[in-house]
Structures are given as C-alpha cells and as structure tokens.
Amino acid sequence: MSESSIKIENVVASTKLAEEFDLTVIESEFEGAEYNKQKFPGLVYRVSDPKAAFLVFTSGKVVCTGAKNVADVHTVIGNMAKKLNGIGITTIENPQITVQNIVASADLHTILNLNAIAIGLGLENIEYEPEQFPGLVYRIDVPKVVVLIFSSGKLVVTGGKSPEDCEKGVEVVRRQLDNMGLL
C-alpha cells in the first residue's frame with residue numbers, strides 16, 4: 001500500500017466553542033481577523049502554526065479548514081479557545097470536534113485511460129465529461145468518498161471523515177483498475 005499512500009491536503013472540522021460570540025469584539029482583539037457581515041456572516045481568522053483558517057459565527061460555532069492532519073485540527077482549536085479565553089470570552093471545555101471532510105491526494109504512478117475506466121466501472125457511480133472537466137468522478141459507497149481520477153494517474157479523494165476512509169478509497173480504485181487490467 002505504501003506506493004499509493006495518500007497525502008492529506010485539507011481537513012475541515014467543526015465545533016461549538018461557546019453559546020454565542022460577539023464577532024466585532026473578536027475582530028478588534030485578534031490581529032488579522034476579518035469580519036464584514038455584508039459579505040459573509042462569519043469572522044475569518046487565519047493562524048500559522050500549525051497553519052489553518054477559522055470561520056467563527058455568532059452562534060458560537062467554529063469551522064476550521066486548511067489543516068494538514070486531524071491532530072493539527074485539535075491543536076489549533078485548543079489554541080483558539082485559549083486565545084478567546086485570553087480576551088475574556090468563556091469557551092466550552094472539551095468541545096466536541098467533528099471532522100466534516102478530508103481532501104487527500106495520491107498517485108498511482110501510471111498513465112490511465114479514462115474512457116476505458118468509465119466503461120469498466122459502469123455508469124451508476126461515474127461522471128466523466130472530458131469537455132467539462134478533465135477528471136473522472138467516481139462515487140464510492142464504502143467508504144463514502146468521491147475519487148477524482150486523472151489520466152496522469154493522480155487521484156484526489158474527497159468526502160472522507162478520516163484518513164483511513166481516504167486510504168480505503170484509493171485502495172478500492174487501485175483494486176478495481178487492477179481487476180480490469182487498466183493499471
């Protein structure tokens with residue numbers, strides 16, 4: 001499996017850090033925070049170590065995006081809670097963090113014939129319209145992920161709730177292409 005091992009590109013997670021937030025207060029206290037409710041109902045705040053971005057809403061909900069692994073999500077959300085506490089905003093202790101989506105990439109290290117793959121995989125779970133998008137979109141039921149397959153042999157897996165989902169999605173594609181003699 002090592003040759004197809006995935007690289008996580010983005011983890012999106014959500015949590016509730018408080019019963020409510022005054023976003024104008026946070027904007028004034030957090031350097032670089034952006035809040036313009038005419039353009040977007042949340043406050044945008046970026047952090048660099050580890051790298052991630054937050055969307056903070058008046059409801060007390062927070063969406064974290066841009067992290068490269070699940071551990072970093074927990075780290076940056078913990079740091080965010082401390083920073084909020086530091087400006088006098090009480091946060092929920094041990095918030096429930098839910099991974100909403102993981103985007104990962106992989107490389108099969110071979111050129112692929114997408115027309116043959118589209119025919120071989122059948123049309124139920126496939127979208128392939130090369131005039132509109134250069135990749136083949138393959139929806140897998142177990143694990144519930146979407147894999148974009150490119151003729152370069154590169155894959156993008158999206159919709160996973162864990163790195164294992166993404167890894168299994170790549171394995172499903174590899175096995176099916178192998179069985180069809182297309183690898």
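Trainee: In this predicted model, what makes phenylalanine 30 buried or exposed?

Mentor: Its relative accessible area is 2%. Buried means under 20%, so phenylalanine 30 is buried.

Trainee: And how do you know whether tyrosine 45 is buried or exposed?

Mentor: By the same cut-off of under 20%. Tyrosine 45 has a relative accessible area of 8%, so it is buried.

Trainee: How many aromatic pairs does the whole structure hold?

Mentor: A search finds 3. In one of them, phenylalanine 30 and tyrosine 45 have ring centres 4.9 Å apart and planes at 55 degrees.

Trainee: Why is that pair called tilted?

Mentor: Stacked needs planes under 30 degrees apart, and edge-to-face needs over 60. The angle here is 55 degrees, so the pair counts as tilted.

Trainee: Which parts does the pair tie together?

Mentor: Phenylalanine 30 lies in the loop between helix 1 and strand 2, and tyrosine 45 in strand 3, so the pair links parts 15 residues apart in sequence.

Trainee: What lies over the face of phenylalanine 30?

Mentor: Lysine 83, at 4.8 Å from the ring centre. The distance limit is 6 Å.

Trainee: Why is serine 48 called exposed?

Mentor: Serine 48, in strand 3, has a relative accessible area of 66%.

Trainee: Which residues of helix 3 are buried?

Mentor: Leu114, Ile117, Ala118 and Leu121. They cover an arc of only 100 degrees around the axis, so they sit on the same side of helix 3.

Trainee: What covers them?

Mentor: The cover includes strand 7, strand 8, strand 9 and helix 4.

Terms used:
Residues are numbered from 1 along each chain as its sequence is written. This is a predicted model: local features need pLDDT of at least 70, side-chain atom pairs count only at pLDDT 80 or more; totals for chains, interfaces and linings use all residues. Side-chain values use heavy atoms; hydrogens and water are left out. Buried means under 20% relative accessible area, exposed over 50%, partly exposed in between (1.4 Å probe, protein chains only). Helices (H or I, at least four residues) and strands (E, at least two) are DSSP runs, numbered from the N terminus. The arc is that of the directions from the helix axis to the C-beta atoms. Contact means heavy atoms within 4.5 Å. Rings of Phe, Tyr and Trp (its six-membered ring) pair if their centres lie within 6.5 Å; planes under 30 degrees apart count as stacked, over 60 as edge-to-face and the rest as tilted. A charge sits over a ring if NZ of Lys or CZ of Arg is within 6 Å of the ring centre and within 35 degrees of the ring normal.
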